[in-house]
Each structure stands twice: as structure tokens, then as C-alpha cells.
Amino acid sequence: MAITRSARRRNWGEMPHDLLVKIFALLNFLERMTIAAGVCSSWRAAAADDPSLTKKMIDVALFRENAAPELTHTRAQQQIDLAFARAINLTGSQLLSLVFDPLSDIRDKHLKHAAHRCPKLEQLVLPFPNAIKKASLNKSFQSWPNLRSLSIPFNGFLETTSLYKLAGSCFRDLVVLKVSTYIFPKHHFKAIAKFIPNLEILHLQCHVVETNFIVQQLSAMPELKHVYISCLEFQHSTAKRDIRDLGSSINGARNRNKLPSLQLFHHCNWNETECEVPQCNLWI
Ligand SMILES: [Zn+2]
């Protein structure tokens, strides 16, 4: 059959939106952002019609998992950078949840780009803070006045409490704090109570948690409703403390109305198997 002039001039950009969405559903998220979204405005709009983006959420781990294994690290990172920038630009002011991935190479430029484009952010999972310059963290945090939930993965010992201070001063509505680290020192409870006194949910995933004065510090957060501590070991002063002692201390404080809002104090052994309490497994 002869190809007509009109057929030769058919504009791929005029394909029906719903059809493009169905075709792009065959691609992974990274491919949708790097290939489909780069063609033209109508393809970009169809690529943005993605379950993840319509949920107003970007999880950078998806990009890393979608990268072809045969790519060099540099080439894979270039694709992730491009996909990240496009996903941020496509959701922009609608984005509510941004999940950085500690295993991806996240740098200042990623944080700054998100801070510039996504002023309504409510939920943030940081990359390792020591991979980001303090000035960038400072400026980015100031761009998110609506933030309510912050997750911080530390890849070493917690030396300073400055991040809690910064979060407390920038995120006035912060009610959920999740921290993952090796050792959670006792003075960090004090810092959280001081800088984020209106916290409602505190979630720790650590190897070791130091529990000196924990009841006293938790009592300084009158709005605290849920505490999840998933760890391998509790330490009290220089001795290991039996978790039953801590549980009875918490119960005693509740009976004396020292923890007026506390509904749940959950602790479990941090290991490879998932905890039976679903919220305890949630890092987001
Ligand atoms: Zn648990």
C-alpha cells in the first residue's frame, strides 16, 4: 500500500494521551523520565501520568533500581540525575513527599533543585547528611515551611545535634522524626525534646540506644503519641539495661501522667526480619 503524504506527516506528538500512557506503562520509571519525557511536551505530559508522580511522591531509590546493570557508574548517575531533574520539574509545586536514597549519589545540587521547585513538601527522607554541605541543608530546609515528617539516616556516629536544631527552627509543623544510626546517644533525646518539643511520633532504628534520662526527656515532649525503638541493645550508663526496666519506667511515667499523650511505646529487636508492627518497618 502506498504511503500517503498525510501519513508521512503524521505527528507523533498528537497521539492520544491515554494511548501514550498505556504505552509508557511498559517502561520503567527511569525510562519514562529519561526517554519518553524528553521527546515533546505531550509525551512529557503522558510520562508524568505515572502512579508515583500522581501520588505526589518521588522515591530516588526507584531510579537506582531501574538503571540498567550494564551501565557504568558514571552513565547510570547521569541518567539518574536527568530523571530526577525531570521528575522534580514535572511535579514541582505539587510534590508532597521526597525520598532520597542513601545508596544513590545524592549531592547538594539535588537538594537545592528540589528546594527551589517543591515548596509544598510535607515529607522528606534525607540522604546521608554528611554528603551534603551544611549551607545547602540550611537553605533547603528554609524552603519547606510545611514539612511535617523528616527521616534522617546517619552513616556513622551522631556527633552533633545541630540537625535537630536546624529542623526545629525551620519546620514549625514537624511532628514525625525518624532517625537511623549506629549508636543513638542519650543527649540526642534531650536535643530533640529541646528543639522539636511538639513532636508526636519518634522512630529510632539503631544498633545501640542509650537510655539514661530517656523517660525524663520523652516527658519534655507533651504531644508525643507514638515511640518506636528498633535496636539491638539498650545501654544505661555503662551497664546493659534490661528492656523490661525501661518498659516499667515508661509505664510508671504514664501512670504519673508524665507522658500525657503517649499511646504507644513500642520496642523490638532490630534484625533482618520485619517487625510484626507495620508502622515500625516504615522509613517513609
Ligand atoms: Zn518493631
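Two residues are in contact, for this presentation, if their C-beta atoms, placed from the backbone, lie within 7 Å.

Good morning. The structure shown above is a predicted model, in which local features need pLDDT of at least 70, side-chain atom pairs count only at pLDDT 80 or more, and totals for chains, interfaces and linings use all residues. Residues are numbered from 1 along each chain as its sequence is written.

Let me start with Phe 141. This residue lies in helix α9, which covers residues 134-141. Helices here are DSSP runs of H or I with at least four residues, strands are runs of E with at least two, and both are numbered from the N terminus. Which residues does Phe 141 touch, leaving aside those up to four places away in sequence? They are Leu 166, Ala 167, Cys 170 and Phe 171. Phe 141 is buried, because 21 other C-beta atoms lie within 10 Å. The term buried requires 20 or more other C-beta atoms within 10 Å of the residue's own, exposed means 12 or fewer, and partly exposed is in between; again, C-beta atoms are placed from the backbone. Asp 18, by contrast, is 123 residues from Phe 141 in sequence and 38 Å from it in space, C-alpha to C-alpha.

Now to the chain as a whole. Its secondary structure comes to 13 helices and nine strands. The chain has 284 residues, of which 31% count as buried. Along the principal axes, the C-alpha atoms fill a box of roughly 85 × 35 × 35 Å. Among contacts with a separation of 6 or more, 77% are accounted for by residues 24 or more positions apart.

One region carries an annotation. In an unreviewed entry, UniProt lists residues 12-56 as "domain: F-box". UniProt positions are given in the numbering used here, feature names are shortened, and annotations may be inferred rather than shown by experiment. In the model, this span is 56% helix and 0% strand, and its end C-alpha atoms lie 28 Å apart.

I turn next to helix packing. Two packed helices are described by the angle between their axes and the distance between the axes. Axes are lines fitted to C-alpha atoms, for helices over the stretch in contact, and angles run from 0 to 180 degrees between N-to-C directions.

The opening pair is α7, residues 73-91, and α8; they pack at an angle of about 10°, with their axes 10 Å apart. That makes α7 roughly parallel to α8. Angles under 35 degrees count as roughly parallel, over 145 as roughly antiparallel, 65 to 115 as roughly perpendicular and the rest as oblique. From α7, Phe 84, Ala 85, Ile 88 and Asn 89 meet His 110, His 113, Ala 114 and Arg 117 of α8. These contact residues divide into four nonpolar, three polar and one charged. Here Ala, Val, Leu, Ile, Met, Phe, Trp, Tyr, Cys and Pro count as nonpolar, Asp, Glu, Lys and Arg as charged, and the others, Gly among them, as polar.

Helix α8 also packs with α9: their axes come within 9 Å and cross at roughly 15°. These two helices are therefore roughly parallel to each other. Their crossing is left-handed, a term for a near helix turned anticlockwise from the far one by less than a right angle, with clockwise giving right-handed. On the α8 side the contact is made by Asp 108, Leu 111, Lys 112 and Ala 115, and on the α9 side by Ser 136, Lys 139 and Ser 140. By class, the contact of α8 with α9 has two nonpolar, two polar and three charged residues.

Is Ala 115 buried or exposed? Ala 115 is buried, because 20 other C-beta atoms lie within 10 Å. Not counting residues up to four places away in sequence, Ala 115 touches Lys 139, Ser 140, Ser 143 and Trp 144.

The last pair is α10, residues 162-170, and α11, residues 186-195, whose axes come within 9 Å and cross at roughly 15°. The two are therefore roughly parallel to each other, and α10 passes α11 in a right-handed crossing. Tyr 164, Lys 165 and Gly 168 in α10 meet Ala 191, Ile 192 and Phe 195 in α11.

Finally, a point on the backbone. Lys 56 has a phi near 65°, a positive value in a residue other than glycine, and lies in the loop between α5 and β1.
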